[in-house]
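Subject: Structure for your review

Dear colleague,

Please find below the structure I promised to hand over.

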Amino acid sequence: LQANQVQTSGNRPLHKVKHIIAVASCKGGVGKSTVAVNLAFTLAKLGGKVGIMDADIYGPSLPILVQPEDRIVQYKDGKITPLEYQGVKLMSFGYINTESAIMRGPMIANMMNQLLTETDWGCLDYLVIDMPPGTGDIQLTICQTISLDAAVIVTTPQQLSFQDVIKGIYMFDKVSVPCVALVENMAYFEPKDMPNKRYYLFGNGKGQKIADDYGIPFMESLPLDPDLCRWSDSGTPAVLVMSESKISQLYHSLASAV
Ligand code: ADP
């Protein structure tokens, strides 16, 4: 992948993708990548053909969250073949040897264009895009390069995070992408030995009010779950191994809303 070679030919691998869903947050560290990965694998469990594009160029998480045995990216006929784990296709800047962390904006935009348009996803029902945090040039480049069908916004219950959510809602509104769901992640903690007890560690969030005020049709509060965190850190999507858990049921509802 060359940062200075942009190919914006009419050859568009994404034309065989039925639905492109952006998972976005305006702050880092709220669990956006975790939500993107578990949403994607839930859509796959429901029978969809799914891909995940980790577009977080400065801090790619997919190589940590999902660890297929074969992690060598292949180039074939001028196209990049995505990696695969349990039937879900995967692509990330983290799989490609780049020094993106020290690149200037225009080079990053060129690389983003290439990765978005030259990855050969084949026929997919859903492509889940893990967006870089924020609402700047890179996010707009993605919105302008590919035609997003829907956005899922991820936040935590803190006021600081919510303030930025509104910026995200406005950004998607500007590019005419509907926000179909708001996820309030790490909203509460339920001890295993006290299943009916909930601790709202970061305050009782305002997710439902924001969803109502901005016309977002679906709002979900996900618990802080140490098991999910452990599975994520070990490179296995939690919904694959915790399939009977409450968090998997909540991801099921989220997948039905997108
Ligand atoms: P972001 O993409 O917003 O930067 P990540 O998805 O990388 O955030 O998540 C940050 C950290 O929080 C990771 O270690 C992840 O495992 C953990 N995490 C995310 N969601 C949850 C959750 N619901 N419960 C427990 N840990 C979580």
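This is a predicted model: local features need pLDDT of at least 70, side-chain atom pairs count only at pLDDT 80 or more; totals for chains, interfaces and linings use all residues.

I begin with the helices. Two packed helices are described by the angle between their axes and the distance between the axes. Here, helix 1 (residues 32-45) and helix 9 (residues 246-257) have axes that come within 9 Å and cross at roughly 80°. Helix 1 is therefore roughly perpendicular to helix 9. Where they meet, helix 1 contributes Asn 38, Leu 39, Thr 42 and Leu 43, while helix 9 contributes Tyr 251, His 252, Leu 254 and Ala 255. This contact consists of five nonpolar and three polar residues, with no charged ones.

Next comes the ligand. It is surrounded by 17 residues, and the closest are Gly 31, Lys 32, Ser 33, Thr 34 and Cys 229. Helix 1 and helix 7 (226-233) are the elements that each give two or more residues to this shell. Sorted by class, the shell has nine polar, six nonpolar and two charged residues.

Finally, consider Ser 92, which belongs to strand 6 (residues 88-92). Is Ser 92 buried or exposed? Ser 92 counts as buried, because 25 C-beta neighbours lie inside 10 Å and the cut-off is 20 or more. Beyond its neighbours within four places in sequence, Ser 92 is in contact with Asp 54, Pro 60, Leu 62 and Pro 63. Ser 92 and Pro 63 are 29 residues apart in sequence, yet their C-alpha atoms are 7.3 Å apart in space.

Yours sincerely,
A colleague

How values were computed. Residues are numbered from 1 along each chain as its sequence is written. Axes are lines fitted to C-alpha atoms, for helices over the stretch in contact, and angles run from 0 to 180 degrees between N-to-C directions. Helices (H or I, at least four residues) and strands (E, at least two) are DSSP runs, numbered from the N terminus. Angles under 35 degrees count as roughly parallel, over 145 as roughly antiparallel, 65 to 115 as roughly perpendicular and the rest as oblique. Two residues are in contact if their C-beta atoms, placed from the backbone, lie within 7 Å. Ala, Val, Leu, Ile, Met, Phe, Trp, Tyr, Cys and Pro count as nonpolar, Asp, Glu, Lys and Arg as charged, and the others, Gly among them, as polar. A residue is near a molecule or strand if its C-beta atom, placed from the backbone, lies within 6 Å of it. A residue is buried if 20 or more other C-beta atoms lie within 10 Å of its own, exposed if 12 or fewer, and partly exposed in between; C-beta atoms are placed from the backbone.
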